[in-house]
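Open the model in your viewer and keep the selection tool at hand.

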Amino acid sequence: MAAGRTETGQTIEPVLDERQNLDDFHDGFVDAFGTTEQIIAEVLFQQVVNAIHPDPAKPLDAGTANFVLALLHRISPRDELEAMLACQMIVAHVAAMDASRRALHIE
């Protein structure tokens with residue numbers, strides 16, 4: 001995955017450790033979305049990150065990006081349609097947890 005941008009113009013770029021090369025990362029990234037098409041994986045990733053990123057004015061943290069990718073790897077969509085549903089599941093989960101937090105911590 002090359003560096004990408006969110007709808008708000010933030011740069012999304014992979015952070016690799018010394019054990020992983022860019023080709024392996026790219027293959028794993030695209031595979032997480034159940035596709036062989038890089039553009040589909042990048043657009044779905046941008047959409048889910050834009051939906052769950054708490055403050056678009058601040059840079060995207062690696063934890064948020066890793067959370068999305070880790071969940072996608074565990075859900076293991078088999079094709080692009082399942083990847084779209086998996087992204088919706090992730091966004092719905094984050095929204096439900098945020099709503100629960102707000103309801104339980106009324107100030």
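## The whole chain

Colour by secondary structure: the protein chain has 4 helices and 2 strands. Helices (H or I, at least four residues) and strands (E, at least two) are DSSP runs, numbered from the N terminus. Read from the N terminus, the order of elements is β-β-α-α-α-α.

This is a predicted model, in which local features need pLDDT of at least 70, side-chain atom pairs count only at pLDDT 80 or more, and totals for chains, interfaces and linings use all residues. Residues are numbered from 1 along each chain as its sequence is written, and side-chain values use heavy atoms, with hydrogens and water left out.

Now colour by pLDDT, the predictor's confidence in each residue, from 0 to 100. The protein chain averages 83, and 80% of the residues score at least 70. Among the elements, α4 has the highest mean pLDDT (94), while strand β1 (residues 4–5) has the lowest (53). Where pLDDT is low, the predicted coordinates should not be read in detail.

Of the 107 residues, 30% count as buried; buried means under 20% relative accessible area, exposed over 50%, partly exposed in between (1.4 Å probe, protein chains only). A contact means heavy atoms within 4.5 Å. Among contacts between residues at least 6 apart in sequence, 52% join residues at least 24 apart.

## The core

Select F29, F33, F45, V68 and L72. These have the most contacts inside the largest nonpolar core, which has 20 residues. Such a core is a set of buried Ala, Val, Leu, Ile, Met, Phe, Trp, Tyr and Cys residues joined through side-chain atoms within 4.5 Å. Helices α1 (22–32), α2 (38–52), α3 (62–75) and α4 (80–104) each supply at least two of its residues, and α2 gives the largest share, 6 residues.

Centre on F33, in the loop between α1 and α2. Is F33 buried or exposed? F33 counts as buried, because its relative accessibility is 0%. Leaving out residues up to four places away in sequence, F33 touches A41, L44, F45, L69, L72, P77, D79, E80, A83 and C87.

Move to F45 in helix α2, which is buried with a relative accessible area of 2%. A C-alpha distance of 9.9 Å separates F45 from L72, 27 residues apart along the chain. With residues up to four places away in sequence again not counted, L72 touches A32, F33, P77, A86, C87 and I90.

## The loop between α3 and α4

Select S76, found in this loop. Its phi is near 55 degrees, a positive value in a residue other than glycine. S76 counts as partly exposed, at 44% relative accessibility.

## The second largest pocket

Finally, select A51, I52, H53, P54, T64, F67, V91, V94, A95, D98, R101 and R102, which line the second largest pocket. On a 1 Å grid over the protein atoms alone, a pocket is an open set of points where a 1.4 Å probe fits, with protein on both sides within 12 Å along at least five of seven lines; lining residues have an atom within 4 Å of a point. About 220 Å³ of space lies in this pocket, the volume being the space filled by probe spheres set on the points, which are joined across faces, edges and corners.

Helices α2, α3 and α4 each supply at least two lining residues, and α4 gives the most, with 6. By class, the lining has 7 nonpolar, 2 polar and 3 charged residues. Here Ala, Val, Leu, Ile, Met, Phe, Trp, Tyr, Cys and Pro count as nonpolar, Asp, Glu, Lys and Arg as charged, and the others, Gly among them, as polar.
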